[in-house]
Amino acid sequence: MDNKILYKAGSPLKPAFTWADMKLNSDGMVPVIVQDDTNDEVLMLAYMNEESYNKTMELGLMTYWSRSRNELWTKGLTSGHVQYVKAFYIDCDNDTLLARVEQVGAACHTGNRTCFYRSALKQE
């Protein structure tokens with residue numbers, strides 16, 4: 001990958017960039033594309049703010065900012081469907097993150113493995 005590596009698996013998590021290096025959207029967040037580290041499947045898209053980014057680095061578990069609940073959300077704390085950080089990348093514009101994870105259980109709140117299980121094209 002030509003992307004800048006933000007974090008590569010290891011303990012403790014030591015980011016190569018700080019939150020201040022990122023270009024934030026108007027809500028002070030960055031989108032995070034979440035991909036399965038073993039098969040490259042795109043699992044979900046979520047958002048991080050500084051608090052969730054720091055918590056992810058602290059725990060090694062993907063932690064997001066829930067825009068609907070307006071609160072910190074560590075994936076899997078209630079469901080058990082955790083996402084262990086395996087690698088973290090930042091795009092060329094410093095405004096989007098790619099998290100490669102070990103997904104335990106389903107990524108989607110519907111129970112599907114991925115949030116992208118529905119086709120956006122009509123089937124004829």
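Asn 49 sits in the loop between strand E3 and helix H1 (50–59); helices (H or I, at least four residues) and strands (E, at least two) are DSSP runs, numbered from the N terminus. The model is a predicted one, in which local features need pLDDT of at least 70 and side-chain atom pairs count only at pLDDT 80 or more, while totals for chains, interfaces and linings use all residues. Residues are numbered from 1 along each chain as its sequence is written, and side-chain values use heavy atoms, with hydrogens and water left out.

With a relative accessibility of 14%, Asn 49 counts as buried. Here buried means under 20% relative accessible area, exposed over 50%, and partly exposed in between (1.4 Å probe, protein chains only). The side chain of Asn 49 reaches the backbone nitrogen of Glu 51 at 3.2 Å. Not counting residues up to four places away in sequence, Asn 49 also touches Trp 19, Gly 28, Met 29 and Trp 65, where contact means heavy atoms within 4.5 Å.

What about the interior? The largest nonpolar core has 22 residues, of which Val 32, Met 48, Met 62, Tyr 64, Phe 88 and Leu 97 touch the most other members. Such a core is a set of buried Ala, Val, Leu, Ile, Met, Phe, Trp, Tyr and Cys residues joined through side-chain atoms within 4.5 Å. Strands E2 (30–36), E3, E6 (83–90) and E7 (97–103), together with H1, each supply at least two residues of this core, and the largest share, four residues, comes from E3. Leaving aside neighbours within four places in sequence, Val 32 is in contact with residues including Met 44, Met 48, Tyr 64 and Leu 97.

Charged residues come next. Side chains of opposite charge can pair when their charged atoms come close. Seven salt bridges are found in the whole structure, each a side-chain nitrogen of Lys or Arg within 4 Å of a carboxyl oxygen of Asp or Glu. In one of them, the closest N and O atoms of Asp 36 and Arg 113 are 2.2 Å apart. This pair links distant parts of the chain, with Asp 36 in strand E2 and Arg 113 in the segment after E7, 77 residues apart. Asp 36 is buried at 2% relative accessibility, whereas Arg 113 is partly exposed at 31%. Asp 36, Glu 41 and Arg 113 are linked in a network of salt bridges.

Arg 100, buried at 11% relative accessibility, forms a salt bridge with Asp 37 at 2.9 Å and another with Asp 40 at 3.0 Å.

Key. A polar contact is a pair of N or O atoms within 3.5 Å; within protein, one must be able to donate a hydrogen and the other to accept it, and residues adjacent in sequence count only if both atoms are side-chain atoms.
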